[in-house]
Each structure stands twice: as C-alpha cells, then as structure tokens.
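Here is a short briefing on one protein structure. Look it over first, then read the points below.

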Amino acid sequence: MDDRTVSREGEPHELDTVRHDWTRQEVGALFALPFPELIFRAQRIHRAHFDATEVQMSTLISIKTGGCPEDCAYCPQSAHYETGVKAEKLMRVDAVMAEARAAKSAGASRFCMGAAWREPKDRDLDQVCAMVEGVKAVGLETCATLGMLNEPQARRLKAAGLDYYNHNLDTSPEYYGAIITTRTYQDRLDTLTHVREAGIRVCCGGIVGMGESVDDRVGMIATLATLPVHPESVPINMLVKVEGTPLARGEAIDPIDFVRTIAAARITMPRSVVRLSAGREDMSVETQALCFLAGANSIFYGPRLLTTPNPERDRDLHLLDKLGLVPMGETAPARSADSF
C-alpha cells in the first residue's frame, strides 16, 4: 500500500485530502477507534501538513471584561451569574499596545483580543480597529472575539487589518440550548459567514466537559468539518469550572476523551491549526503531551485567558523543551543520535 493511501473506514483515502462531506457516522467511528489507532491516524495526517515539532503561540487578553448580557452557562463574565468578575470599560489603545509589545517580546506570534459583548456597538469598533492597526504595526498577527458581527462590522475589521476572528460554536446543535439561550446556533453560523465573506480568517471551535455526550462532541466536530471552508484555527477548550456559573459543579471530562476530541479535529480538518486552548492549567504534562501527539499545534501563552488562569510562560517553555517542541517559525535544535 502506498504510504499516502489508506483504506480503513472513517479516514480519508489520501493524507492530504481535505473533505467537507464528513458524516456524523464517520466522525463517530473516529471517536470509537482504539486509542493507539486514533493517535496513529491523527499523527500521520498532522505530519502530512505541519512540522510536528512546531507549536503556534498566541496571547489572549480581555480588552473589555464582564457585564455580558449573554447567559452562556460556562462564562464568568456573564451578567446573569455572581462570579466576582466586575464589569469594566473598554481598555485604552495605549494599554493594549503595551500588552502586545510584551507578548511579542515573550515569544507570541498572534495577539488575540476578547471583549465581553453580545455584539459590539459601532462606536466601540472605532477603538477596536485602532487596536488592530496598532498590534499589526508591532508585527503580530491579530485576532479578535467581540461577539456577533453584522456584515458592515466585519468589513470594518478587515479594513483595519484583522487577520482572524474567533467565534466558537461551543457544542453540538442539539446540546446548544442547554448551554446558551440568549442567541441561537444559527446566529453563530451567520457571524462566521459575515467574517468569511469579509475576507477574515476564521478561528472557531468549542468546549468539552460541559456535561455533553460523546455524540455531542461528534456533532460539534462534524459541524466544524462540514463548513464550506474549514476554520483556519480550531480551539478545543476543556471547561474551566468557575464558582457561580451553572457548570461549576459538573463532572470533569476524562482526559483521554478530551484527547480523542483533539484527534478527531485533526483528522477531519487536516490543514487547520488545532489549538489546545482553555483548561491547560488543570491538565497534567502527560495529557498535554498526548494532545500534541493527537495533532494539537497551538496554545495560548501567558498567565491568563481573559479571566481564567493559564500556565505561566516559564512553565510552558519548560513543557515545550521537555517534549522537544519549538514555537512555530523557529528551528528545532539539532540532536545527536545518542539523544534519542
């Protein structure tokens, strides 16, 4: 058999094939594979499209914290819950620029800005667009997550130079109503359409560990993998339980089940950067290593993700060094045969 050709059910015939016609049955078959087989397939596909030693480093800051009118059951920034997160005003442009310069100095290549809005007001975009222009001038890729966007807003962000827009689907269409009631699944898909049509690259994934079933994880991955264009970035988040939110007391997801979700994302969206996103503070080194083996090749770098903890930079650098990984774009150090 040609090394680039496989025939097992549920896997593309060519390692470099990008499909948009995945069925739930096929995605479900991936989740059901024996774990070694699943990792093997994910790793082969990962290596066909990426350098397996490289990890893209992003920094995420909250440019407008708290007071969000949405009722997302996982979110400490929702005005519906008492979590101790206070509503704050939009940051000043100069303050964001200082954060961006610090992030670049620390090794980040992408700078992501999040605002706790249902959707931005047009007057808010004036300031956000200035932030985007400034961060681009520093030499970083730009990403924003501001809630729902209409077509003119997406075009404004594109004109300012925004590279990526994050808008997660969160979960499957069927489970979505158990997590959020203040906007519909179609609202999210509409925002992705506006972003894509404006020429901005898409960052879109979801959260696992919210009490969903395996079939819901299958449904989330199948929805992402059947979009007309796959998201260029696919963040897979492990729920961070925050006191005061409805999901604070739920049962934690098994780490192997989480890794299976990463692997399914890699296999079904082979050219996307798959981000090991929120929840790493509670993950062991071994779990994170398995995620990288399963095809994750991006992390958020820095001590906070909006309002929740993230590993300290030194801890992440030690992790990468331990695994022989390097920030994307850098060259891995040469190793002698004796080092293996």
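At what angle do the axes of helix H1 and helix H7 cross, and within what distance do they come? The axes of H1 (residues 24–31) and H7 (residues 214–225) come within 9 Å and cross at roughly 120°. This is a predicted model: local features need pLDDT of at least 70, side-chain atom pairs need 80 or more, and totals for chains, interfaces and linings use all residues. Residues are numbered from 1 along each chain as its sequence is written, and side-chain values use heavy atoms, without hydrogens and water.

**The helix pair**
- Axes are lines fitted to C-alpha atoms, for helices over the stretch in contact, with angles from 0 to 180 degrees between N-to-C directions.
- H1 and H7 are therefore oblique to each other (under 35 degrees is roughly parallel, over 145 roughly antiparallel, 65 to 115 roughly perpendicular, the rest oblique).
- H1 supplies Arg 24, Val 27, Gly 28 and Phe 31 to the contact (heavy atoms within 4.5 Å).
- From H7, the contact residues include Val 214, Asp 215, Arg 217 and Val 218.

**The aromatic pair**
- The count comes to 1 aromatic pair (ring centres within 6.5 Å; planes under 30 degrees apart are stacked, over 60 edge-to-face, the rest tilted).
- The rings of Tyr 176 and Tyr 185 have centres 5.2 Å apart and planes at 80°, so the pair is edge-to-face.
- Tyr 176 is buried, at 4% relative accessible area (buried is under 20%, exposed over 50%, partly exposed in between, with a 1.4 Å probe and protein chains only).
- Tyr 185 also counts as buried, at 10%.

**The whole protein**
- Of the 340 residues, 57% count as buried.

Key: Helix = DSSP H or I, 4+ residues; strand = E, 2+ residues; numbered from the N terminus. Phe/Tyr/Trp six-rings, centres within 6.5 Å; stacked < 30°, edge-to-face > 60°.
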